[in-house]
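Hi,

Here is the structure I promised to pass on. Have a look at it first, and then read on for what turned up.

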Amino acid sequence: MNTEGTQDPRGAGARPAPAKPAVPPQPVTQPGAVAHPGGVPGAPTAPPLPNGNAFLAWLRQPRPEAPPGIWRLGHRPRPAQQPETIPARQLLGGALIAFLVGWLVWSLLWNGYLGGWWLVPLYAMIPDSWAEPHSFGSVVVVYAYYVVVAVAIMIGVGRLGRWGEVWRRYGLPAWRRAVPAAPPPVPPQQDPAEWPQLRAAGAGEAAERLAADARAGLMRDVDHARLARAWQGVRNGRNTLAAFVAAVLKDGAAACIHPSGARDLPGRSGRHDLVTAQVRIGASAEDERNPYEYRGAGVALGPDLLGTSLLAVGPPGSGKTGSVVWPLAESLCLQALAGRAAVVVVGAAGAGLGPTEAYDVVIRIGRPESRYDLDLYGGATDPDEAAAVLAEALVGDLSDPHTGSDGRRSTTVLAQLLGPFQAVHGRFPSVSELRALLDGSPGALGTLRKALTDTRQDAMLRELDARERQLAHPGDVAGALADRVALLDRPAFADFFDTSGNGRPFSLRALDHPVRVRIDLPQRGHADASRILTRLVLAQFMANVAVREDRSLFACLILDDATGAVTPEAVRGIQRLRSANAGAVLTLRTLDDAPRPLRGPLLGAIGCRMALSGLTPWDGQDFAEVWGKEWIEARDITDRQIIAETPLGKTVHMLRRMITGRAPTARAVTVRQVERERWSASELAHSVPPGHAVLSLTSIRGEHAPPLLVDLRG
């Protein structure tokens, strides 16, 4: 069956990976151990329960619609505006005073201090013979009237004292709210565990098989998401119903498996919900600056938010990698196993980006034991396309107006060399060959010219002639390109960037498949080369996601350190990712790692922005400007001293001063609408607690969430 995710996600030249079992062996549940519900989010890695009850309970949990960024699994919606809450002291004091007032009124009535007018309705309704009670009936009627009067007094003072609010806040309803109610039973025709969409399409046998596997504990959250994705392919016409049913009847929950044969990750550190494709990264703080509907709710990210890209800025140790990057990478790896995403993670070796077993392809640049190589040209076959990507990687960061800053000139120079070389050799030059051509080596250029002359390729000869004429000009950019290529032409990289066809190059053109890729960059002694490789991967990613045939697969690039990768072309490319169903996650230690003219455009091009604790005030100023201002209601309270003019008033004021320690004052409150920054630079620098971040969100549908104070440990 040709279902999604059945093609090899590695490059054509990749060395075949060792065979993996289609269904990984499951460890046995130990008696008394807390078992893991088949990969249910929020629990540590453990074997699935044998009866599948925990998985079914997780699957049937409500996931109500919520504003962007809210963790929907088990979420309880709150009103958009906070209801006015009376302080407990004022509420209880008012209730007690109202009770004492009602007691006083009843005592005055009962003892006759207020006269007998309240008995007039009773005497008007009963016979005169009952005025003096002589029978049981008259006693009952009279005392029933007393009860009615007492209840009327109680209702009156109860309304004044807000007894109903006291009951709702401290009585039985409060205890009932504290204990979460069990969700109502799901009707069989709406039970997701029974696969009603399959039954409605006439695939009842497949639905019965999947429901049986779920009840038996053989299905996981990844299996459910993968089969839902395969069924979506059937509905879209990419696969046939007969092939889908046959695969399900044969393999059950293991049908349409990922090409790697894996059905889950070796371990999980985050809380994931593959039904909504969310990963929880924290909880919204109970802060007055957060909207009321977000306070206390879980904060989660998914493809609907990552499609607008994410920028996280914070100093080392603020939690960028552990609290943001790895949970997102883990979530996207799970979605790749479900056939819904492709992810490329780029970072330094040992940066905590997950185990090797969590990825299909791991490229360790500069390490001889690396099984895979990186294609220097991104799988491009057109010289102009390859030249544009390579020029962006080599000199894209030279944004200052000098000889090497013009990206179009750099692209032209590279194209004048790549085209003739490909025409002669049928491939692009290696790093050392490209360096020799850019340096203008007479031997390299002479050999290339002779080969072009022998094969009579006049068009390519004209390209080479133009290149040789420009070599003598003082403003030629080939020197700057050669200097950058020299950073990659080092002994540590001798076994990498091979173009002869004998290596194991991986190309980002594999993003058409649900591939999981991790690229470890060399750091020690090769910082400049790492920045070039980071720009190279970013440029290749943006070039390849735009030409994918199947854009239903979400593609995401995660750069654990985007220092040096922010270029004018990168900012323009990030803006185009949303239309290609792709996104990028960038982290920076400080905005100073990006050129000053590009900070505003970068923050404007990215939809999700995160400022972690420890931010500098000048970085906070950039965030404060992009988050803008809002209208708030400001209260100005003025205390005016009261001057007593009579002896009695002076005596009362003296007593108040002796009791309270303050002079008697009259308070005046002025309410006005003012405009203030949502988060000022000073607040971002000094008011964000450790382990917290301020996060603003924008979804691909245009929904916005204002800056939220998020506890990344919640």
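**Salt bridges and a pocket**

Asp489 is partly exposed, with a relative accessibility of 26%. Keep in mind that this is a predicted model.

Let's stay with Asp489 for a moment. Its partner in a salt bridge is Arg435, and the closest N and O atoms of the two are 3.2 Å apart. Arg435 counts as partly exposed too, at 30% relative accessibility. The two residues sit 54 residues apart and link distant parts of the chain: Arg435 belongs to helix α15 (residues 431-438), while Asp489 is in the loop between α18 (478-488) and β8.

There is also a network to look at: Glu194, Arg199, Glu208 and Arg215 are joined into one by salt bridges that share partners.

How many salt bridges does a search of the whole structure find? The count comes to 39.

One is between Arg509 and Glu385, whose side chains meet at 2.9 Å, N to O. This pair links distant parts of the chain, 124 residues apart, with Arg509 in the loop between β8 (505-506) and β9 (516-521) and Glu385 in helix α13 (residues 383-395). Arg509 is partly exposed, with a relative accessible area of 33%, and Glu385 is partly exposed at 29%.

The other joins Asp397 and Arg535, with 3.5 Å from N to O. Again distant parts of the chain are linked: Asp397 lies in the loop between α13 and α14 (407-425), Arg535 lies in helix α19 (residues 527-545), and 138 residues separate them. Arg535 has a relative accessibility of 2%, so it counts as buried, the cut-off being under 20%.

Now for the second largest pocket. Its volume is about 570 Å³. Which residues lie nearest its centre? They are Ala388, Glu392, Glu569, Arg572 and Arg576, out of 27 residues that line the pocket. Helices α13, α14, α19 and α20 (568-577) are the elements that each give two or more residues to this lining. By type, the lining of the second largest pocket splits into 13 nonpolar, seven polar and seven charged residues.

Cheers

Technical notes. Residues numbered from 1 in each chain as written. Predicted model: local features only at pLDDT ≥ 70, side-chain atom pairs only at ≥ 80, totals over all residues. Heavy atoms only, no water. Salt bridge = Lys/Arg side-chain N within 4 Å of Asp/Glu carboxyl O. Helix = DSSP H or I, 4+ residues; strand = E, 2+ residues; numbered from the N terminus. Buried < 20%, exposed > 50% of the residue type's maximum accessible area, 1.4 Å probe, protein only. 1 Å grid on protein atoms, 1.4 Å probe; cavity = no way out; pocket = protein on both sides within 12 Å on 5 of 7 lines; lining within 4 Å. Points joined across faces, edges and corners; volume = space filled by probe spheres on them. Nonpolar A, V, L, I, M, F, W, Y, C, P; charged D, E, K, R; others polar.
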